[in-house]
Amino acid sequence: MLFGLRISGRPVTGSSEGGWLNLCVRLLGATPSIKAIKGSKLKLTWLHDNFQNVANINSQYQLHCHVRAYLLYLFGALLFPDKSGSTVSLIYLPLLENLDQIDDISWGSGVLACLYRNLCKATKVDCFEIAGPLLLLQLWSWERVSIGRPDIVRSRVPRQAGVAYPLGSHVLTGLDPLGCKWLRVQRGFKDHRLGLVVIRDLLDKMVELQFVWQPYTPSVVQHLSPICVQDQAEWTVIAPLICFEMVEWHFPNRCTRQFGWQQMIPEMGSTCTRLHGVSRKGDWSGNYETMHQESIAKWENRMSNIVEPGLPFCGLMSFEDEYFEWYNAITRRIITPLSQTVNDDYEDHHYYYPTAADFQILTQTSMVTYNTTEQMISKMPDDIPLAQYAMIEKMRNMSLNSLVNTGQGHLINYQEPRPPSPPRYDFRHLAHRQQVMTETEEAESSQRTRKKGEKRN
């Protein structure tokens, strides 16, 4: 949808058996220099310098070589970039040998597999860089999340015949993928000075109305290229996404609201840890198609495992919804480190103060208060004064409401709003206690009056 890549087709996979120089000679018609190639990695600058001139193309073979070079550059710069951002793996080149068949490959699922795997790697504490198609992630965020989204102040316009336009400044109706609407527009973000600190804090405080749950409405889809929508039947398949060594599962049942359905608690999917251990480090030589034949078979049979349409979604979900209880119990809601209060790179440390730590302190305090008062109530003797009992119960209910209203009710196994506790005593006992309390208060009042009189005398 965003990049205009096909979903249907065979997976992005093949062998990694070396012979990279000979492969370049056969499919690119040129031999990279020793400095331009290392193992299976080819420098993008070599592709740019050797194939930017199309004026000297004199044969069909040369034309095909230039097309393969352009696609290979596109893979390394946009679709399958590595952490360096300056090289591309030649493992993709054999897939471009027959240009008439590249439409039969599911490039969309391969790009998603690459993005999912690199996002997974980026969660490790010792990871400081990230690879993968991050432009796709950025466009996905701009389409859905209002936080960090740039302001479009100069929209692209439909092209008019006979008028010259700068590249990318006009709309090609029926040809552009959705991501092109963000092309060549002026962008700006008000809180750019603090960057990560502000973005993290705004995400921590984000509410449901700040997210676009259904970005692909009919009014949007009707102006897109047919390639963006022709595989709609496969948008809801539960299947493995494959890109050579990377195998990641696609679980649309975890985000059914984008299809206009009520979100239910999804069935738990299993991601094989063995598959996450497969990598291309050290220029591993072998056939990934053979290695992942089980996952490939599931991909080819993907149409038999489709998420069935659910109940139509309308309105907002409440904190008491069973899905929220399940989700809050398995996720981390605060992404700002509690030790981070200001941006150390910004000279004015009083400019911005993130509230994630305050939220966490509120949650912890409410938990301690609730657990303490709940324990006190359960062990409270029958002869405790009513005023003291009412105060403890009020503290418990306040801490309970605080946790529930901030979406943290799962921390105390919260199920449903708790009604006020029933009277712990029968009416006769209650009436007797009130009489005793009245007599005690009168006696104490008389005693205080007598002492005051003695002092005056």
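What is the handedness of the crossing of H2 and H3? The legends below take up this question along with a few other views of the model, which is a predicted one.

**View 1. Helix H2 packs against helix H3 in a left-handed crossing.** Here is the reply to the opening question: where H2 and H3 cross, the crossing is left-handed. Helix H2 covers residues 44-51, and its axis lies 10 Å from that of H3, at an angle of about 150°. Angles over 145 degrees count as roughly antiparallel, so H2 is roughly antiparallel to H3. On the H2 side, look for Leu-44, Leu-47, His-48 and Phe-51. They meet Cys-65, His-66, Ala-69, Leu-72, Tyr-73, Gly-76 and Ala-77 in H3. Sorted by type, the residues of this contact comprise eight nonpolar, three polar and no charged.

**View 2. Helix H1 also meets helix H3.** The axes of H1 (residues 20-28) and H3 (residues 60-79) come within 8 Å and cross at roughly 125°. That angle makes H1 oblique to H3. From H1, the contact draws on Val-25, Arg-26, Leu-27 and Leu-28. H3 contributes Tyr-61, Cys-65, Arg-68, Ala-69 and Leu-72. Seven of the residues in this contact of H1 with H3 are nonpolar, none is polar and two are charged.

**View 3. Helices H4 and H5 pack at an angle of about 90°.** H5 spans residues 134-144, and the axes of the two helices are 10 Å apart. H4 and H5 are therefore roughly perpendicular to each other. Val-111, Leu-112, Leu-115 and Leu-119 of H4 make the contact with Leu-134, Leu-136 and Leu-137 of H5. This contact of H4 with H5 has seven nonpolar residues, no polar ones and no charged ones.

View 4. The model has a count of 15 aromatic pairs. One of them joins Tyr-92 and Phe-244 edge-to-face, at 5.3 Å centre to centre and with 85° between the planes.

**View 5. Residues 414-433 have pLDDT under 50 throughout.** For this stretch, the model has 34 contacts beyond four places in sequence. As background, the mean pLDDT of the protein chain is 81, and 77% of its residues reach 70 or more.

Notes
Residues are numbered from 1 along each chain as its sequence is written. This is a predicted model: local features need pLDDT of at least 70, side-chain atom pairs count only at pLDDT 80 or more; totals for chains, interfaces and linings use all residues. Side-chain values use heavy atoms; hydrogens and water are left out. Axes are lines fitted to C-alpha atoms, for helices over the stretch in contact, and angles run from 0 to 180 degrees between N-to-C directions. Helices (H or I, at least four residues) and strands (E, at least two) are DSSP runs, numbered from the N terminus. Angles under 35 degrees count as roughly parallel, over 145 as roughly antiparallel, 65 to 115 as roughly perpendicular and the rest as oblique. Contact means heavy atoms within 4.5 Å. Ala, Val, Leu, Ile, Met, Phe, Trp, Tyr, Cys and Pro count as nonpolar, Asp, Glu, Lys and Arg as charged, and the others, Gly among them, as polar. A crossing is left-handed if the near helix is turned anticlockwise from the far one by less than a right angle, and right-handed if clockwise. pLDDT is the predictor's confidence in each residue, from 0 to 100. Rings of Phe, Tyr and Trp (its six-membered ring) pair if their centres lie within 6.5 Å; planes under 30 degrees apart count as stacked, over 60 as edge-to-face and the rest as tilted.
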